[in-house]
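Dear colleague,

I am passing on the structure we spoke about, with the notes I made while going through it. Please look at the sequence and the model first, and then read on.

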Amino acid sequence: MTPFLLLQALILLGLIITGALVVAFKDLLAAAIAFAAFSLLLAIEFYILQAPDVAIAEAGIGAGLTTAIFIIAIRGTKRFEEKE
Amino acid sequence: MKMTKIVRTTADVFYPFCLVFGLYVVMHGHLTPGGGFQGGAVMATGAALLLVAHAYEDITGRLRKTAMKILEAIGLMMFLFAGLSGLLFERPFMGNWMAFTGKWFSHPVAHGPNPGDLNTAGLLPLLNIGVGIEVLGGLTIILLYMLSGIHAEKKP
């Protein structure tokens with residue numbers, strides 16, 4: 001039980017860190033990659049919570065397709081956030 | 001705009017493995033976690049990898065819009081006719097007439113812990129395959145239209 005709790009605590013910490021990084025990055029490509037890492041950690045968390053079905057969907061849609069859509073959108077617009 | 005040669009080669013090598021893993025998730029949808037939607041999403045992730053790595057002109061030969069439209073239509077039709085086929089055998093819509101007939105996907109399920117038999121569950125694998133094809137076509141065509149819109153905007 002204890003190693004699973006430790007792993008869960010590490011993953012939740014990683015979720016908070018990557019979520020903060022998504023907001024903090026001014027480089028939008030780096031923010032998209034941080035969002036992919038967020039989705040991957042969320043998929044692992046779903047798997048630990050014994051929902052492997054949701055974990056596969058999250059890894060496929062969140063980490064794969066959404067990142068691709070963001071990268072294509074960044075290709076069409078600008079890479080860096082502008083200062084106000 | 002295309003990425004470096006390392007990224008392109010990695011995407012080319014990774015693409016068939018993505019497709020095979022997606023097909024595995026689809027085919028074992030009635031035995032293991034996953035199913036039509038998840039497997040189709042995994043396959044579409046492979047297509048997204050190719051689309052992100054390559055330039056749009058290089059990818060149109062391998063992933064065509066018309067082929068993806070046809071895939072989407074085939075998946076939807078397969079789901080619909082698999083559901084309607086129950087009416088021919090005096091069952092309701094989505095009635096599982098294929099189970100226990102001794103033909104495809106129709107072995108009886110073993111009791112207790114067992115390694116899992118692919119030839120079970122009757123109509124459900126057909127529905128899973130239909131949904132998998134549908135999701136692959138639908139998600140890939142979203143990405144293709146986004147990329148082609150950007151390509152057309154930047155051309156002049």
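How many helices and how many strands are there in chain B? Bearing in mind that this is a predicted model, chain B has five helices and zero strands, so that its elements, read from the N terminus, run α-α-α-α-α.

As for its overall dimensions, the C-alpha atoms of chain B fill a box of roughly 60 × 35 × 20 Å along the principal axes. The radius of gyration of chain B is 19 Å, whereas a compact globule of 156 residues would have one near 15 Å. Of the 156 residues in this chain, 33% count as buried, and among the contacts between residues at least 6 apart in sequence, 65% join residues that are at least 24 apart.

The largest nonpolar core has 44 residues, and among those with the most contacts inside it are Ala48(B), Leu51(B), Val135(B) and Leu143(B). Two or more residues each are given to this core by α2 (28-48) and α3 (52-76) of chain A, and likewise by α1 (5-27), α2 (36-53), α4 (65-84) and α5 (124-154) of chain B. The largest share, twelve residues, comes from α2(B).

Setting aside its neighbours within four places in sequence, Leu143(B) is in contact with Ala68(A), Ile69(A) and Ile72(A) of chain A, and with Ala48(B) and Leu51(B) of chain B.

With best wishes

Note on methods. Residues are numbered from 1 along each chain as its sequence is written. Chains are lettered from A and ligands numbered from 1 in the order in which they are written. This is a predicted model: local features need pLDDT of at least 70, side-chain atom pairs count only at pLDDT 80 or more; totals for chains, interfaces and linings use all residues. Helices (H or I, at least four residues) and strands (E, at least two) are DSSP runs, numbered from the N terminus. The radius of gyration is taken over C-alpha atoms; the globule rule is 2.2 Å times the number of residues to the power 0.38. A residue is buried if 20 or more other C-beta atoms lie within 10 Å of its own, exposed if 12 or fewer, and partly exposed in between; C-beta atoms are placed from the backbone. Two residues are in contact if their C-beta atoms, placed from the backbone, lie within 7 Å. A nonpolar core is a set of buried Ala, Val, Leu, Ile, Met, Phe, Trp, Tyr and Cys residues joined through C-beta atoms within 7 Å.
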